[in-house]
Every structure is written in C-alpha cells, then in structure tokens.
Amino acid sequence: MYFSEVANSMQEEIDFGLKQNAEFIDGKLLEVLAERSEVFGRLSDSMRYVVEGKGKRIRASVVMWGCEAVCGEVRESAVTAACAIELVHAYSLVHDDLPAMDDDDMRRGRATVHKKYDEATAILAGDGLLTLAFEILAEKIEDSVMGLEMVGALAKAGGISGMVSGQAADLEAEKSACGMEMLEYIHEKKTACMFEGSALLGGLAGGASREQLAGLGRYGIKLGLGFQVADDILDISASSEQLGKTAGKDEKAGKLTYPAMLGLEGSRKLEKQLADEAVGALDVFGEEADNLRKLAYILVNRSK
Ligand code: GRG
C-alpha cells in the first residue's frame with residue numbers, strides 16, 4: 001500500500017475510529033479526575049478545563065491501536081496508558097502556552113489556561129496533570145512489571161530523553177541560526193518521542209515481543225516526524241479557526257520549520273516519505289496493525 005493509493009473511504013473510516021477513540025478517552029480522563037478527592041478547588045477546576053478541551057487524542061489512538069496490533073484487541077491496560085500519555089501531552093501544551101515559553105492565548109479553540117485562570121494556576125495544573133499520569137499507571141496497571149515498564153517508557157518519552165530536551169532545544173534555536181540537523185533533533189525529541197512512547201505503551205499493554213516493540217518504536221518516530229512536518233505545513237496554510245490555535249505563529253517568530261528549510265513541495269514530499277517509512281516499520285505485524293497503517297497515511301494528509 002502506498003500513499004497515492006489511499007482512498008477517501010479509508011480517510012472516513014479512520015476519522016470515524018479516531019473520533020470514537022477520542023470520545024471514549026475524553027470520558028475516561030474525566031473519570032480519572034473525578035476519582036481524585038481533596039484536590040484544591042481552583043486547581044481542580046483548571047485541570048478539568050484542560051481535560052475538557054477538545055484534543056484530537058491521537059497519541060491515545062496510537063496506544064490503543066498499538067495494543068490491537070499486538071494482541072488483536074484494546075485491553076484495559078492500553079486504555080489506562082492512553083489516558084496517561086494524553087495527560088502528559090496536555091501538561092506540555094499548558095506549559096508551552098505560558099508567557100515564558102510560546103506565550104499563546106488560544107489552544108484547542110479556547111483561551112489558554114493562564115489566560116482563563118492565571119500563570120501560577122497554569123503551572124500547577126500542568127504539574128498536576130504530569131504527575132497524575134504516573135499515578136494512574138502505578139495505581140491501575142495490575143501487572144506490576146508491565147506497570148513499571150510503562151512508567152519507564154512514558155518518562156523517557158516525555159522527559160529529558162525526549163520532549164523536555166526537544167522543548168529546551170526549540171527555545172534555544174529561537175535565539176540563533178540553526179540548520180537541518182538541529183531541526184531534526186528538535187522535532188524528533190519534542191514531537192516524535194511522544195509518538196514513539198505511545199506506540200511502545202500500546203505494545204507493552206498487548207504483551208509485545210522485543211521485535212514487535214522495536215517495530216512499534218520505529219513506527220512511532222516516523223509517524224511523529226510526519227505529524228510534525230504536517231503541523232509546520234498547516235501553520236502556514238490553515239486558519240486559526242481550523243487549527244484551534246494561533247496560525248502563522250512559526251513564520252512570525254522566525255521559527256525553524258520544515259517549510260522554511262525545504263520549501264512547501266519538499267516538505268510535502270518528506271511527509272509522504274515518512275508515512276511510507278512508518279508503515280514499513282510495521283512489517284512484522286499482520287492485519288491487526290491496519291488501523292496504525294491507515295493512521296500514518298491520513299495523519300500526514302490532515303487539515304487540522
Ligand atoms: C513544555 C516540556 C514542554 C514541552 C512542550 C507539545 C509541546 C512541547 C509544544 C507545543 C508546540 C508544538 C507545535 C509541539 C509539537 C507537537 C504538536 C504538534 C503538538 C500539538 O499536538 P496535537 O495537534 O494537539 O495532537 P491536540 O490539541 O489535538 O492534542
């Protein structure tokens with residue numbers, strides 16, 4: 001299957017699957033928050049505000065479909081892990097929007113948390129979401145070895161070996177001229193590591209072999225890079241309404257992006273190549289991995 005063969009029907013099918021997964025995870029995230037008692041009122045409200053924001057929950061779908069690829073079903077442990085990665089992702093968006101970072105007013109079509117509440121509350125809401133992710137893995141994953149492996153995979157994806165280093169490099173890159181190597185480092189760490197972590201969490205939930213985990217990890221990296229190239233293209237080609245966040249920000253801030261480095265045509269070519277490479281990494285799986293395969297093709301072709 002190659003990019004050019006992707007039919008509209010496949011797009012509709014996978015959009016439907018993503019929507020169903022998102023609604024399911026939205027509900028689960030609210031349940032997780034509701035289970036917590038004694039959370040200070042303003043903090044609790046702000047965390048709920050974040051979770052109620054309409055994210056696409058793509059990382060959650062990668063976890064659930066990663067599990068399905070391995071064992072043919074979406075297990076309860078995959079649902080917990082899907083919630084955990086979305087909590088880490090949500091924290092990162094809240095902190096990224098802060099004045100000290102990207103300084104944004106709009107996220108998921110609404111006011112950012114520091115605009116709706118205040119900066120200190122946004123910092124604490126992020127802290128709360130991040131730690132809650134690890135709390136639910138420790139509490140809800142029955143198999144303690146699996147739980148520990150999931151904690152490690154999530155920490156690696158979201159922490160200093162992954163997203164946090166990508167964000168640090170991104171902030172540094174705004175101050176000085178950087179090349180393609182730096183761009184690749186930033187996007188692999190900031191974006192792709194979280195997709196790699198999602199695929200690995202799904203694999204762990206499904207009881208994957210080492211070979212299967214390696215394939216899923218490679219898939220996640222390629223998918224994440226393709227997702228980022230698409231994000232850079234959308235920043236210059238879509239509207240703020242379409243995206244639910246401020247469009248055109250990268251160019252205005254003189255950010256290092258794929259279209260700035262490779263041009264629009266070069267970027268479109270790269271996203272298709274990355275989708276093909278993501279699908280290639282799933283060779284070790286049968287048709288149980290078809291949702292992941294289809295996701296790779298439609299994600300690089302997205303409009304929001
Ligand atoms: C604060 C440690 C720290 C990291 C922030 C996520 C992030 C790192 C920055 C946000 C800016 C950005 C463009 C990141 C690249 C990844 C990306 C495209 C995030 C947005 O993900 P979506 O589109 O968002 O999946 P939704 O709202 O659908 O969940």
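Predicted model: local features only at pLDDT ≥ 70, side-chain atom pairs only at ≥ 80, totals over all residues.

**Ligand site**

I started at R59: an N or O atom in the R59 side chain sits 2.7 Å from an oxygen atom of the ligand. I count a polar contact as a pair of N or O atoms within 3.5 Å. Numbering runs from 1 along each chain as its sequence is written, and side-chain values use heavy atoms, with hydrogens and water left out.

Next I checked K56, where a polar side-chain atom is 2.6 Å from a ligand oxygen. For H89, an N or O atom of the side chain is 2.8 Å from an oxygen atom of the ligand.

How much of the ligand does the protein bury? I got 92% of the 710 Å² that the ligand exposes when taken alone (Shrake-Rupley method, 1.4 Å probe).

I then listed the shell: 18 residues surround the ligand, each with a heavy atom within 4 Å of it. α4 gives the most, with six residues (helices are DSSP runs of H or I, at least four residues, numbered from the N terminus).

**Helix pair**

I looked up α1 (residues 8–34) and α2 (residues 41–52): their axes come within 10 Å and cross at roughly 170 degrees. Axes are lines fitted to C-alpha atoms over the stretch in contact, with angles from 0 to 180 degrees between N-to-C directions. So α1 is roughly antiparallel to α2 (angles over 145 degrees).

L29, L30 and L33 of α1 make the contact with M47, R48, V51 and E52 of α2 (heavy atoms within 4.5 Å).

Definitions and conventions:
Polar contact = N/O pair within 3.5 Å; in protein donor to acceptor, adjacent residues only side chain to side chain. Helix = DSSP H or I, 4+ residues; strand = E, 2+ residues; numbered from the N terminus. Parallel < 35°, antiparallel > 145°, perpendicular 65-115°, else oblique.
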